[in-house]
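Trainee: I have not seen this structure before. Could you take me through it step by step?

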Amino acid sequence: MDSSGRREADEAEAKSKGSGPFALAKENNVYANFGILPEQKVKAEIRSPPFKFATTWIEFTSSPIDQFNKDPRAFPIATNGEIFPWHELRLPTVIIPLHYDLLIHPNLTSLDFVASEKIEVLVRDATQFIVLHSKDLEILNASLQSEEDVRYRKPGESLTVLSYPAHQQIALLVPEKLRADLRYSVAIDFQAKLADGFEGFYKSTYRTLGGETRTIAVTDFEPTEARMAFPCFDEPLFKANFSIKIRRESRHIALSNMPKVKTIELEGGLLEDHFETTVKMSTYLVAYIVCDFTSVSGTASSGVKVSIYASPDKWSQTHYALEASLKLLDYYENYFDIHYPLPKLDLVAIPDFASGAMENWGLVTYRETSLLFDPKTSSISDKLWVTKVIAHELAHQWFGNLVTMEWWNDIWLNEGFATYMELISLNITYPELQFDDDFSNTCFEVIKRDSLNSSHPISNQAKTAIQIKEMFDAVSYNKGACILNMLKDFLSEDTFRKGIIHYLKKFSYRNAKNDDLWHSLSNNCLESDSASGGFCYSDSKKTSNTLAFLRKNVELKEMMATWTLQKGIPLVVVKREGRSLRLQQERFLSGVSKEDPEWGTLQERYLWHIPVTYSTSSSHAIHRHILKLKTDTLDLSEKTDWVKFNVDSNGYYIVHYEGQGWDELITLLNQNHTLLRPKDRLGLIHDAFQLVSAGRLTLDKALDLTRYLQRETSIPALLKGLEYLELLYRMVERRNISDVTENLKHYLLQYFKPVIDTQSWVDKGSVWDRMLRSTVLKLACYLNHAPCIQKATELFSQWMESSGKLNIPTDVLKVVYSVGAQTTAGWNYLLEQYELSLSGAEKNKILYALSTSKHQEKLMKLIELGMEGKVIKTQDLAALLFAIARNPEGQQLAWNFVKENWTHLLKKFDLGSFPIRMIVSGTTSHFSSKDELQEVELFFESLKAQGSHLDIFQIILETISKNIKWLEKNLPTLRKWLLITT
Ligand SMILES: [Zn+2]
């Protein structure tokens, strides 16, 4: 690869370095620099107060209270009782930050920090106040210098600071109006405690092998928490350069986005690290850490230094991450045809972390279990997870960091892409992980949610900090990735790649929105293509139909609008009449059947442009068509025995076959399932069970479809069928429907006996062999299958006798621990080992095992330990409550606990955060009785009355209602089917 991308980045950086705060070269067009093109300038000002406001402000400047008396509702009141001059959640756009100089001094003993910053800003329109974000910071002093003041070294003028905590904003009032098109420097001194939770600049602790507890300080800002660490313009559109300095003691190191330039020794032995100025970026990507970690390093082909950091005792678990990140960085630099623009990339395992990882530019932070790999205790699915998360975060260095969404409503442009790039990159860098066969599950996971009426469009309104947090959900991540996969399948790999390269190059260091992406994908001629006069859709593999479609840019935009601006998933109903196929599209709704009165209203105005694909018994070719209308007809060229839509499950839609369609497919699976592609078999199983939820297919038909599974050679399809059967089992077991529970258990153990019996207790075989082993043995032992329990007990005893030194095969570790946890001695021993273990992968498995105990007092003890946060870290509390709620003995306990301790939980996790949503839905969404529904409803009502409202409440209520209906309707069928079949 040539170095063009790198050179551009170097130039941008050189420009931003310089010496003084105004050394930034004046750019030709600062608005383009800001991400706003001149023609958009007018639009952007809509968010500024009407100009009248500024004039009025000047008029009333001696007495803003007069203004307030005129319309008190228009202005909030600051904490000091004065009028706060800004009333919107979004910041005014009259002031643009260009450069931040930050000096931070955290004290890891007193657990607080003092800091100062100088922000160079550009004034776009005359104004008398500067509004920026600040949360939980004590502002000590604020002053302002004009360009002239700086030149003549005049001291800054002191500013009045008003604070409006409800909007997490402060306003700096300037004595003299700031003039348009001039630059100023704002200096602020401030201090705060290191935060207790997982956001802003927070403390994290870990235990050494010797039992000592050590503290580190780390940042986590996305989406809106940079304002907890320093006052800033905390919106993704306000990209700026950052020069960071950190003071520390000599026993610590400091890390930040950029490499260290120098270290200065201060009086009293303190050290001050100076970091290179960053490239232009959003505030949520700024990061710094003060810790005592050690690292391993390597160099990517392009010369970028990659390092993996972890607490000293976990150093030996960092090597796999280094190998993977070097491989993936090389891959992405090549795939995107853009060099990673920073000189270094650090990946750091943080002992306390709320989510899985965070893509801070150049300093990516991870939960320990998302980065560290311990060959002795990490299973194959742990390996897949670590590799996926690294692939995801590295993709963000381009999708998100280099090109950022304009606002959080389009967070899918970050998250959908990063999730999708996991697939693209792993297929090439780690083909042995066979992730391609698992990707459909990414889509199946979100379909559950997207087929409820309470789902939301991919691009959704998000205003408040809570709403913004709630955008980080399966719709943004999974559905985003799935519609990109569908689009790539439709456009061809080559066109898709060219389009995203175009998008990334065009919007580098800037912000983009949906339409910019569609535009790049349909006009992806690179400079070189157009210069040579060549037409850039020259891929001869595409059908003429597709090509014609592509040429009309507006149609791609229109097509994708139906997937991003409209919630839900379409159902394609296929009816074959001779050689003609009648297609019909409707909105797929699980839990609402066509006979329900609300069905009609819920269908209104829904229409997608669906790129459908199909294959038939007479041709292996993939046929394509775009279904844009409610109904359409296709003519088959030959007579055919069967037709299968959604080839390889690449499309984001569900298919129902009317008439004899399903029977034909069931017969086909029974006679020779290999005539269908493996992913088509997987898709059929998924769709059949989804259609049962929507009342379109009877449960016995879906169950009949699984009767071929004994012969299934594709493990993902086999696992999918098993997953649905296990789900049915868990549902009837939980509700204590003993006859069906017993019969289903008997059926599962009998029918899958050949599969269970062939599993060995070793770590051998392909990824899918190993996944199958974990799943099947876990289920067999859960169902009390004697040979399984016996083998697991034997291994557990040997492990205990060896004082935890025996190496148990990693893929069966969870099963062995879970069986061992059923005796008091075993459970206690596991808890001891939990405390001692240095492997996050092992701790997760032990915690799961402990949560399967049948003794409520043991489960309660776990919850108490999780609340205390010492032995079981607070970061693991959500997963713990989730696991306990899945245990029939623990479900009521977990639910009661959440109800009674809601305010305590909110002290640990922010409302809207991922853990709090996981806790609420994890302890309720599996309920399936009217009493339970009522209880949950009452609880949510009481929360709303206290001012806590989350979108997830509606999703949960709808899910429980769906479960109730499902059971009422299908339980008799299940009971009967089992009697006939077994
Ligand atoms: Zn992400």
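Trainee: Where do we start?

Mentor: Please keep in mind that this is a predicted model. Let us begin with two histidines: histidine 392 and histidine 396 are both buried.

Trainee: Which residues coordinate the zinc ion?

Mentor: The zinc ion is coordinated by His392 and His396, each through NE2, and by Glu415 through OE, at 2.0 to 2.1 Å. The spacing of these donor residues in sequence is H-x3-H-x18-E.

Trainee: How are histidine 392 and histidine 396 placed in helix H9?

Mentor: Histidine 392 and histidine 396 are 4 residues apart in helix H9, which covers residues 380-396, so about one helical turn separates them.

Trainee: Changing topic: in what order do the strands of the open sheet run?

Mentor: The order is E5-E4-E8-E2-E1-E11-E14-E13, which makes 8 strands with mixed pairing. At the edges are strand E5 (157-158) and strand E13 (260-265), each of which pairs on one side only.

Trainee: In what sense do E13 and E14 pair?

Mentor: E13 and strand E14, residues 271-275, pair in the antiparallel sense over 5 bridges. As one example, threonine 263 has aspartate 273 in E14 as its bridge partner.

Trainee: Now salt bridges. How many are there in the whole structure?

Mentor: A search of the whole structure finds 47 salt bridges. One of them joins arginine 90 to glutamate 235, with the closest N and O atoms 3.1 Å apart. Arginine 90 is in the loop between helix H5 and strand E1, and glutamate 235 is in the loop between strand E10 and strand E11, so the pair ties together parts that are 145 residues apart in sequence.

Trainee: Are arginine 90 and glutamate 235 buried or exposed?

Mentor: Both arginine 90 and glutamate 235 are buried.

Trainee: And which side chain meets lysine 469?

Mentor: Lysine 469 meets glutamate 225 in a salt bridge, at 3.1 Å from N to O. This pair links distant parts of the chain, 244 residues apart: lysine 469 is in helix H12, and glutamate 225 is in the loop between E10 and E11. Lysine 469 has 8% relative accessibility, so it counts as buried. Glutamate 225 also counts as buried, because its relative accessibility is 1%.

Trainee: Which network of salt bridges includes them?

Mentor: Glu199, Glu225, Lys469 and Asp910 are linked in a network of salt bridges.

Trainee: Last one: what about lysine 720 and glutamate 723?

Mentor: They form a salt bridge, and the closest N and O atoms are 3.1 Å apart. Lysine 720 counts as buried because its relative accessibility is 4%, whereas glutamate 723, at 38%, counts as partly exposed.

How values were computed:
Residues numbered from 1 in each chain as written. Predicted model: local features only at pLDDT ≥ 70, side-chain atom pairs only at ≥ 80, totals over all residues. Heavy atoms only, no water. Donors = N, O, S within 2.8 Å, 3.2 Å for Na, K, Ca; no water. Helix = DSSP H or I, 4+ residues; strand = E, 2+ residues; numbered from the N terminus. Buried < 20%, exposed > 50% of the residue type's maximum accessible area, 1.4 Å probe, protein only. Pairing = 2+ DSSP bridges. Salt bridge = Lys/Arg side-chain N within 4 Å of Asp/Glu carboxyl O.
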